[in-house]
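Let's take a walk through this one, starting with the rings and ending with the strands. Keep the viewer open as you read.

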Amino acid sequence: MKSKKAQMEVTFNWVYVLIAGTVILLFFAGIVMKQKDVAEKNLASDLLRVMQSIFTGAGVSEKTKNIIDLSGLAEYTFYFDCNEGISQFGIKDQSSKITNAFQPLFSPREIKSPELITWSLPYQLPYKVTDLLMVTSMNTEYFLLGDDVYFTSELGNVSREFNLGHIYGIEDYNLIDPGDNYQVRVVDFNLGIVREGGLIPDKLISLDDDKVTAVVFSGVNQADFFQKQANKWKKLNRNPIRMISLGRERDAAKYAAIFAGDDQIYQCNMQKAFKRLSFVTEVYAGETIKDGREGGKLKELIDYYENNYMGSSNTKASCLGNLRDYGENGMRNALMQYYNKVKMCVSTVSVSASECFDLVSLAGKVRDVNENLKRDCVTLY
């Protein structure tokens with residue numbers, strides 16, 4: 001019969017083995033978890049770099065739509081943000097992210113879908129500034145309230161891939177059903193259905209507040225952004241957001257408001273477009289245009305008509321007049337006013353600032369002089 005001391009030694013040995021085994025298991029489990037975490041972070045980084053390349057390519061492919069297959073990543077939630085002219089996107093709950101200070105990208109705050117949709121449109125003010133990139137998903141549904149002469153029909157014609165519903169009256173609005181979609185955006189073309197404190201359709205109440213948003217195009221060239229709050233609409237922006245555009249068909253600035261998750265996403269990315277506008281204007285007019293001294297392509301055209309043009313003297317005088325000599329009605333003066341206003345707009349934090357909205361009339365003036373040049377002269381753009 002074993003002694004009491006021997007029994008205690010055996011018991012101690014087993015306890016020691018259990019403790020040591022547990023420590024070893026925890027050690028290896030920690031290594032496995034750490035490696036898994038590293039692998040997930042590497043996967044997230046690689047994935048985001050690929051998406052950045054896709055967005056860059058889509059953003060420079062004018063008037064194109066692309067569908068990106070994410071079926072193997074459907075369980076991930078992608079987030080999009082923009083602050084102080086710097087946008088970023090990444091995978092929710094992952095530290096990896098991509099930042100971008102140049103490409104205007106308009107999207108919901110979050111996307112969780114087996115397919116992404118990208119659509120680029122040229123932003124012209126009055127000449128082409130850049131391509132605005134819209135990003136959405138197949139399970140983000142857009143309900144269009146009311147009608148717009150160009151807008152709603154064109155959106156339907158050129159964007160068959162988008163998840164669109166069309167509502168013509170308050171009766172249909174109350175029947176809006178999100179189905180199995182991840183989120184809903186309501187677009188009100190000044191019907192007044194979506195307003196501060198207005199009721200949310202019953203079937204949208206069960207969705208999370210941040211998954212039900214709206215944009216209302218109120219008045220001329222302005223919009224308001226809303227988000228669901230319980231069973232009512234809450235307005236996100238204090239003052240109307242101005243649409244800085246010349247209002248042509250395929251109005252990129254207006255389309256961007258439809259796809260931007262909220263007023264912050266919209267304004268921040270439009271500021272990137274205005275920064276690009278200042279660079280493009282320098283190409284056409286030169287930096288010295290701020291003081292009324294032409295440079296860039298404008299100077300090249302003036303030099304051509306002064307020194308190398310072999311046509312009639314009347315045409316030469318007319319072309320130089322439109323480019324330089326007509327004072328308030330000439331291109332040099334128009335570009336000087338325009339460039340200085342662009343610089344003021346870039347320095348603001350809101351596209352609704354008066355400096356930015358003044359760009360519309362000044363861009364129209366540049367456009368008008370350029371139209372005059374089309375009669376007999378080489379145009380600026």
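Rings of Phe, Tyr and Trp (its six-membered ring) pair if their centres lie within 6.5 Å; planes under 30 degrees apart count as stacked, over 60 as edge-to-face and the rest as tilted. On that basis, Trp119, Tyr142, Tyr255 and Phe259 make up one aromatic cluster. Before going on, note that this is a predicted model, where local features need pLDDT of at least 70 and side-chain atom pairs count only at pLDDT 80 or more, while totals for chains, interfaces and linings use all residues. Residues are numbered from 1 along each chain as its sequence is written, and side-chain values use heavy atoms, with hydrogens and water left out.

The structure holds 14 aromatic pairs. Take tyrosine 304 and tyrosine 305: their ring centres are 4.9 Å apart and their planes sit at 70°, so this pair is edge-to-face. Tyrosine 305 also pairs with tyrosine 309, with centres 5.1 Å apart and planes at 50°, so that pair is tilted. Tyrosine 305, at 2%, is buried, whereas tyrosine 304 is partly exposed at 34% and tyrosine 309 is partly exposed at 21%.

Some rings have a charge over them, which here requires NZ of Lys or CZ of Arg within 6 Å of the ring centre and within 35 degrees of the ring normal. Arginine 242 lies over the face of phenylalanine 357, 4.0 Å from the ring centre. Lysine 254 does likewise with phenylalanine 217, at 5.0 Å.

Now for the inside. A nonpolar core is a set of buried Ala, Val, Leu, Ile, Met, Phe, Trp, Tyr and Cys residues joined through side-chain atoms within 4.5 Å. The largest one has 67 residues, of which Tyr123, Tyr266, Phe274 and Tyr338 touch the most other members. Helix α5 (residues 263-285) supplies the largest share of this core, 10 residues; helices (H or I, at least four residues) and strands (E, at least two) are DSSP runs, numbered from the N terminus. A second, separate core has 17 residues, including Leu48, Leu73, Phe78 and Val135.

Finally, the strands, which pair if DSSP finds at least two bridges between them. Strand β2 (residues 78-83) runs antiparallel to strand β3 (residues 86-91), joined by 6 bridges, and aspartate 81 stands opposite glutamine 88 in β3. β2 is also joined to strand β6 (residues 110-111), again antiparallel, by 2 bridges.

Key
Buried means under 20% relative accessible area, exposed over 50%, partly exposed in between (1.4 Å probe, protein chains only).
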